Structures are given as structure tokens and as C-alpha cells.
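Subject: Structure handover

Hi there,

Here is the structure I promised to pass on to you. Please open it alongside this message, and my notes follow below.

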Amino acid sequence: MNNHFDTAVIGGGLAGLIAATKLAQAGQKVVVLEKAGRLGGRAMTNKKNGAFFNLGGHAIYLAGEAYAVLQEMGIAMEGAPPSAKVHALWNSEVELMPATPLTMMTTKLLSWSGKIGLVRLFAKLNSANPDALGRMSLRAWAEAEIEDPMVRHMLYALCRTATYAHDPDCQLAGSVLRQVKRSLKGVRYLHGGWQTIVDQLEQHARAAGAVIRSGGDVKAIVHHEGAVQKLLLADGAEIGVSHVVSTAPPSELAKLVQGAEHTTLHRWKEEARPSIASCLDLNLRKLPAPGSNVVLGLDQPYFFSHHTLNAKLTEDGTYLVHLVRYLSESERAQGIEESSLAQVMSILQPGWEKEVIAKQYLPRIAVVHDTLHTGRSELHTGPGVPEIRGLYVAGDWVTHGEMLADASAASAVRAVNAILQTGVSQRPRVVHVS
Ligand SMILES: Cc1cc2nc3c(=O)[nH]c(=O)nc-3n(C[C@H](O)[C@H](O)[C@H](O)COP(=O)(O)OP(=O)(O)OC[C@H]3O[C@@H](n4cnc5c(N)ncnc54)[C@H](O)[C@@H]3O)c2cc1C
């Protein structure tokens with residue numbers, strides 16, 4: 001490998017592949033270094049017995065930055081929406097969520113005043129201006145705006161599902177409400193899983209001339225006189241660079257940079273509040289309770305979703321379902337035992353164990369490495385690291401208000417724009433996109 005590049009991208013997940021493709025298409029000499037043996041990061045899909053397992057249930061937000069950026073890059077994202085019929089898990093029982101006039105009339109979950117409260121909540125969600133909520137926490141907003149405790153449970157369940165986090169005391173109300181509004185505009189489960197995005201991005205990056213190296217474990221980002229100079233890899237290789245886009249988590253990035261404790265990287269690491277989940281993903285021969293396709297936990301932070309109702313994720317017509325538990329702060333270090341997830345699955349899909357073809361249990365996986373929370377000293381992160389010229393950050397923790405994969409895509413674009421504005425080492429080149 002030639003050992004000098006205009007930009008080295010650390011990480012071959014969504015953020016890294018988007019950044020690398022765009023920089024290579026703009027004429028830069030780019031290398032992607034991914035420490036794992038394959039690309040995709042948390043957007044990878046594992047194929048087991050003909051079933052496509054994302055890492056936990058993944059849905060793309062149709063009104064979000066990831067969808068817009070990927071579509072503009074020519075990435076196909078074929079798929080289908082989840083079931084519109086939503087159930088609730090309450091007191092270990094599954095009941096229809098009051099979402100239509102009929103279910104509103106018949107639901108046992110809400111009192112009359114609760115029903116009026118729920119209608120008012122949706123009106124409030126419609127009219128609320130997230131930008132005006134400043135640093136108010138989700139809990140503070142919910143307690144000020146919603147009287148009925150069951151309606152509050154419903155709001156929190158909706159917020160958990162839209163943000164993939166269970167942190168109402170610290171999540172910023174404005175950012176959560178923005179995400180809930182966005183999720184209500186539609187989401188899509190992708191045919192073949194999110195690996196289809198990763199594979200297309202890889203093709204586009206390579207076609208534009210980017211060098212991609214999986215198994216490329218970066219051990220240090222060397223800087224000199226306030227500017228990045230080179231990368232050191234675990235195998236002893238050195239790569240000279242003008243720019244680095246790091247998509248590693250803030251804790252990992254701080255380890256890569258000597259003297260990070262004297263830079264903004266230290267604050268980003270210290271203030272990070274990741275959201276973590278435990279997931280049980282199952283390929284089943286049949287669904288014991290075929291009517292329950294989407295279930296929101298109201299008294300427990302669970303979410304169940306059947307992805308093969310409309311999306312093609314198995315080759316033989318069998319079923320793929322995902323159960324996630326959003327972990328509270330006290331649960332984050334340990335994760336949740338598989339047996340606890342299995343118990344909840346038994347309420348939702350009794351007898352599921354007999355139908356298992358393949359499964360994937362993720363005891364604790366970081367959904368995002370940081371969120372917008374009350375303890376952040378600044379709401380926006382990146383794109384540049386102020387103290388080190390040429391070092392940029394991207395990834396789902398590098399948010400300017402976006403969440404999840406939307407933050408990965410939006411931050412990758414910000415890093416690319418910042419690099420291209422420096423005008424260093426750009427050589428116009430004809431870009432062929434396959
Ligand atoms: C259970 C679950 C469900 C989710 N559901 C959704 C959803 O429904 N909708 C949505 O929008 N988002 C969802 N997400 C989030 C989404 O998957 C992530 O935000 C996105 O994939 C992150 O991409 P990234 O490139 O920012 O980070 P990553 O995918 O983590 O990529 C970073 C890469 O950097 C590599 N790396 C780190 N350090 C080094 C190093 N030193 N050297 C070389 N390489 C390094 C890592 O190996 C990794 O591959 C979900 C995530 C999870 C876990």
C-alpha cells in the first residue's frame with residue numbers, strides 16, 4: 001500500500017464509508033482502515049441459515065439524514081414499513097394500543113380522562129417546538145405536560161422506540177420530540193438487511209478509487225505541532241496523512257491520540273452518555289401469535305418487532321423477529337440475561353422456543369456512543385477537533401441534533417465538507433460509480 005494519503009478514514013461503518021466515498025469522488029486519495037475482518041460496523045447483517053440478521057432490529061427513518069444522504073449517493077434502500085397495528089405489553093399481558101377511534105373506545109388501558117389525555121398528547125407532539133425546549137429533560141417535559149400516568153407510560157414507550165434509548169431523566173426533551181415526530185413520518189425495514197447499504201457503499205468507494213483495508217487496526221494518530229501527521233497500525237505499518245476522519249467511539253479515539261487529555265477529545269469522552277441495549281433476534285419456523293407484529297412495552301422498556309411481515313429477510317419464507325430491551329443506567333454495565341429476554345418473548349409469542357431455526361443474542365450493544373443529554377457542555381460535536389488540525393470526527397455520537405444512523409451520515413458529510421474546504425491535496429478526477 002502506498003503510504004501517504006490525503007485522508008485516512010478510521011472505521012468502515014456507515015459514517016466511514018460515506019465519508020470515504022464522498023472524499024474519493026471529490027478526487028482525494030483515501031484509505032479506509034477497519035479493524036474488524038469485515039465492513040459495516042453496527043450496520044452489518046449476519047446471514048444464518050438463509051436469514052438476514054441485522055444487529056438488533058434496524059429501521060431507516062424516511063425523513064432522516066441517513067436516508068437523504070444515501071439516496072443522493074445512489075444507494076438503493078428497498079424495503080417495507082412495519083405493521084401499522086401496534087400492541088402494548090402491560091402487566092405481562094398483550095393488548096392493542098389505542099391508535100384508532102375504535103381501539104380508543106374499546107381499550108382497557110386508559111380511563112376516560114386518559115383517552116382525552118392521549119388525544120391531547122398527540123396534538124402537543126404536533127404543535128411542540130423542539131427548538132424552544134432548551135435543556136429541559138424528557139422527564140421534566142412529560143411531567144409538566146401530561147397528567148395521566150398511563151399516557152406518560154405511552155409517551156416514554158414511543159420515545160424509547162424512536163430514539164433507542166431509555167434515559168428520560170437525562171435525554172433532552174427537544175431532541176427526543178424531534179425524533180418522535182420524525183419516526184411518525186415513516187420508517188422502513190430493508191430487504192436483505194442493512195448490509196445491502198454497506199455493500200453498495202463499499203462498491204461506490206472502491207469505484208471512486210478509495211483503498212479499503214479491513215483488519216486495519218489503528219493504534220495511534222500521531223500529531224506534530226498541532227497537525228495530524230501519520231497513523232500507526234497494529235501490524236507496525238505507518239500511513240502518512242493530511243487529514244484523518246475518525247469514526248471510532250469517543251473513548252477509543254481518546255486512546256489513539258497522545259495528549260488527548262489536554263484536548264476537547266477528553267471532554268467528549270468524559271461527557272459521553274451512550275445508549276446500550278440487549279437484543280434477542282430470532283429466525284422462527286412460524287409465529288405462534290401472528291397478530292402481534294409490533295409490541296411496545298409500557299411498564300418495561302421492551303420493544304418487539306416482526307420484520308418479515310413485509311420485508312424480505314429470509315430466503316425460505318420463515319420469520320425474523322427482534323426483541324430489544326433498552327437498558328437503564330444501572331443495567332448498562334452488565335446487560336440483560338438471555339433468559340429475561342426469553343421470558344418476555346414467551347409472553348409475546350408463547351411456545352416460540354419450539355420454532356427456533358437460528359438466533360442471535362446480543363447481551364449489551366452500544367446503539368449510539370453518545371446522545372444529546374442534559375450533562376453536555378456543548379450541544380454540537382465536531383466536525384473538527386479544535387486543537388489538532390486535520391483531525392475530524394464522525395459517527396452516531398457526533399451529533400448536531402440528529403440521532404442514530406442519521407447522526408452518522410450527517411456528521412460524515414460535515415467532516416467531508418470541512419476537509420474539502422481546506423482545499424488541501426485535492427486532485428480533480430473522473431469519478432466512475434458502478
Ligand atoms: C441494536 C441496534 C439497533 C439500531 N437500530 C437503529 C435503527 O433502527 N435506526 C437507525 O438509524 N440506527 C439504528 N442503530 C444505530 C446504527 O446502527 C448506528 O448508528 C450506525 O450503524 C453507526 O455507524 P458508525 O459508522 O457511526 O459507527 P460503527 O458502525 O460503530 O463504525 C465504526 C467502525 O470503526 C471501527 N473502529 C473503531 N476503532 C477503530 C480503530 N482503532 N481502527 C480501525 N477501526 C476502528 C469499528 O470496528 C467500526 O466498524 C441501531 C444500533 C443498534 C446496535
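Helices (H or I, at least four residues) and strands (E, at least two) are DSSP runs, numbered from the N terminus. Two residues are in contact if their C-beta atoms, placed from the backbone, lie within 7 Å.

Before going on, two points about the model. It is a predicted one, where local features need pLDDT of at least 70 and side-chain atom pairs count only at pLDDT 80 or more, while totals for chains, interfaces and linings use all residues. Residues are numbered from 1 along each chain as its sequence is written.

Two strands count as paired if DSSP finds at least two bridges between them. Towards one end of the order, β7 (residues 87–90) and β8 pair in the antiparallel sense over four bridges, with Ala88 opposite Glu95 of β8.

Elsewhere, β9 (residues 187–190) is joined by two bridges to β5 (residues 60–61), and the two run antiparallel; here Ile60 stands opposite Arg188. Strand β6 (residues 79–80) also pairs with β9 in the antiparallel sense, over two bridges, and Ala80 has Tyr189 as its bridge partner.

Now the domains, whose bounds come from an automatic or database domain assignment. The protein chain has domain 1 (4–43 + 195–270 + 373–422) and domain 2 (78–188 + 275–368). Their C-alpha centres lie 32 Å apart, and eight residues of domain 1 are in contact with 12 residues of domain 2.

Where does the ligand lie? Both domains give residues to the shell around the ligand, so it lies between them. The shell has 37 residues, the closest being Gly11, Gly13, Gly41, Gly56 and Ala405; a residue counts as near if its C-beta atom, placed from the backbone, lies within 6 Å. Helix α12 gives the most, with four residues. By type, the shell divides into 19 nonpolar, 11 polar and seven charged residues. Ala, Val, Leu, Ile, Met, Phe, Trp, Tyr, Cys and Pro count as nonpolar, Asp, Glu, Lys and Arg as charged, and the others, Gly among them, as polar.

Two backbone details are worth a look. Most residues other than glycine have a negative phi, and most peptide bonds are trans. Gly382 and Pro383 are joined by a cis peptide bond, with omega about 5 degrees, and Pro383 is in the loop between β18 and β19 (391–393). Tyr164 has a positive phi of about 65 degrees and sits in the loop between α6 and α7 (173–184).

Finally, confidence: the mean pLDDT (the predictor's confidence in each residue, from 0 to 100) of the protein chain is 95, and 97% of its residues reach 70 or more. Over residues 426–434 the pLDDT is below 50, and this stretch has 17 contacts in the model beyond near neighbours in sequence.

Happy exploring!
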